[in-house]
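Here is a short note to read with the model open beside you. Take the points in order and find each residue as it comes up.

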Number of protein chains: 2
Amino acid sequence: MPRQAAAGTRTQRQRREETERRLLDAAAALVAAGGSRAVTLQEVGRLAGYSRGIVNHMFGTKDALLAALVTEAQQRVGPPQASSPGLGRLRQRVARYIDQISAGDEHARAFLLLWAESVGAAPQLRAMFAERDDLFAREIREDLSAGIADGGIRPGIDAEGVTLALIAVLRGASLHIIIRDAAPDSTARVREAVLACLQRSLEP
Amino acid sequence: MPRQAAAGTRTQRQRREETERRLLDAAAALVAAGGSRAVTLQEVGRLAGYSRGIVNHMFGTKDALLAALVTEAQQRVGPPQASSPGLGRLRQRVARYIDQISAGDEHARAFLLLWAESVGAAPQLRAMFAERDDLFAREIREDLSAGIADGGIRPGIDAEGVTLALIAVLRGASLHIIIRDAAPDSTARVREAVLACLQRSLEP
DNA sequence: TATTACTTGCTGGCTATCACGCAAGTTTCT
DNA sequence: AGAAACTTGCGTGATAGCCAGCAAGTAATA
């Protein structure tokens, strides 16, 4: 058991954790601002308040840093807000997704941008995105199924198709918001349009 | 007026035009396969069947090549299929957009990937994408307006919001198709889901 | 508690790699 | 022959990652 460090100092564990967090934050900010191309060891180190050697020391390689960034962004999503699955929770998901991007969350933006760039990325990263994709789709299908069961959603829908389309619209809208640096009122409009479209598509 | 070249040879104009086309095709293929990061002067030259200096000779800089690629992709979209604006033409647009990506059109894929990467890109490129964006949105709104006028679309919709959402879903779905290398039957399903969603959202 | 041995965090000089683009030279058309 | 298309050699700049060493924290000993 590590002894408590003296006042004004940090334990090795504290140092490491703080460094890791600052590096991930810096990397997220750089990706959000300029894509993965803007992530250089030099810049990450500088923005995090360290030297340019820090990334290699902490993560080994730049790719490992990006992988850690993706992993962290996934875990940040957090538990569902509404307790019970169904149309209500689905609507919450949609609003939350767009609002998070619109609010300027750099980790969420970085995740999305890295996903959009992942065509030429390392297989490891692509696999992580695929996994996240499938999990997201499963969650949405769960809401759809519950909605059909409780009567909030009409039974005739193609759940698989709706799921894919819904994920697509969220990503497309979010990328648009990031790329065009859309104003909050504009993003609110998109959010409402998506919700309205969802409503009419799913209502019995 | 250029004289007819001898058999087996080409006029200078033919040489230049063929070279330009081969370079654009090569660049599109590279972007489609691995994003703009995969586009190096060496690779473009090799894939097009020239030396590594050919891009600088033809376009001056690499950025100019990418700009030309974007310009060309815009012009490739071509005239609308259905003559009269309205819901029918809108549905055609949607189907055509997704089918083009799904069919593996490298220029269309390259355009979309470059758009998705354009966060950190040169202002010139970003402006081109913004312009294309606005034009696309205008075309869709034209269809919506016509549809409302002829009664095919109910008047209560938020045309601006629907337009943005529609563009978003097309881009998100296309990126998904490219990134996950989706099978044709899967893309057909997404296409039908989007069309169905559109139908229910817009029908009177 | 004070000293000493050890571990871990962190730095920055160094090298190898890679890509862009210029400029001079070569081939192909007119 | 002259012009244009195209190639090749070269310089420059950016970046990733290795590694030797310094500094900060931790554990052992007296």
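Predicted model: local features only at pLDDT ≥ 70, side-chain atom pairs only at ≥ 80, totals over all residues.

1. Residues are numbered from 1 along each chain as its sequence is written, chains are lettered from A and ligands numbered from 1 in the order in which they are written, and side-chain values use heavy atoms, with hydrogens and water left out. Now look at A:D181. Its phi is near 50°, a positive value, and the residue is not a glycine. A:D181 sits in the loop between α8 (159-180) and α9 (184-202) of chain A. Helices here are DSSP runs (H or I, at least four residues; strands are E, at least two), numbered from the N terminus. A:D181 is exposed, at 59% relative accessibility. The cut-offs are these: buried is under 20% relative accessible area, exposed is over 50%, and partly exposed is in between (1.4 Å probe, protein chains only).

2. Phi at B:D181. Turn to chain B. B:D181 has a positive phi of about 50°, although it is not a glycine. The loop between α8 (159-180) and α9 (184-202) of chain B holds B:D181. B:D181 counts as exposed, with 59% relative accessibility.

3. How the chains relate. Two copies of a chain are related by a rotation about an axis and a shift along it.

4. The largest pocket. Its volume is about 780 Å³. A pocket is an open set of points on a 1 Å grid over the protein atoms alone, where a 1.4 Å probe fits, with protein on both sides within 12 Å along at least five of seven lines; lining residues have an atom within 4 Å of a point. The volume is the space filled by probe spheres set on the points, which are joined across faces, edges and corners. The lining of the largest pocket has 28 residues, and A:S36, A:R37, A:E117, B:S36 and B:R37 lie nearest the centre. α4 (62-76) of chain A and α4 (62-76) of chain B each supply at least two lining residues.

5. Cysteines. A:C197 is partly exposed, with a relative accessible area of 22%. B:C197 is partly exposed too, also with 22%.

6. B:H107. Is B:H107 buried or exposed? It is buried, with a relative accessible area of 6%. B:H107 lies in helix α6 of chain B. Leaving out residues up to four places away in sequence, B:H107 touches B:L24, B:D25, B:A28, B:L69, B:E72, B:A73 and B:R76. Contact means heavy atoms within 4.5 Å.

7. B:A95. Helix α5 (residues 87-102) of chain B contains B:A95. B:A95 counts as buried, at 18% relative accessibility. B:A95 and B:T187 are 92 residues apart along the chain, and their C-alpha atoms are separated by 10 Å.
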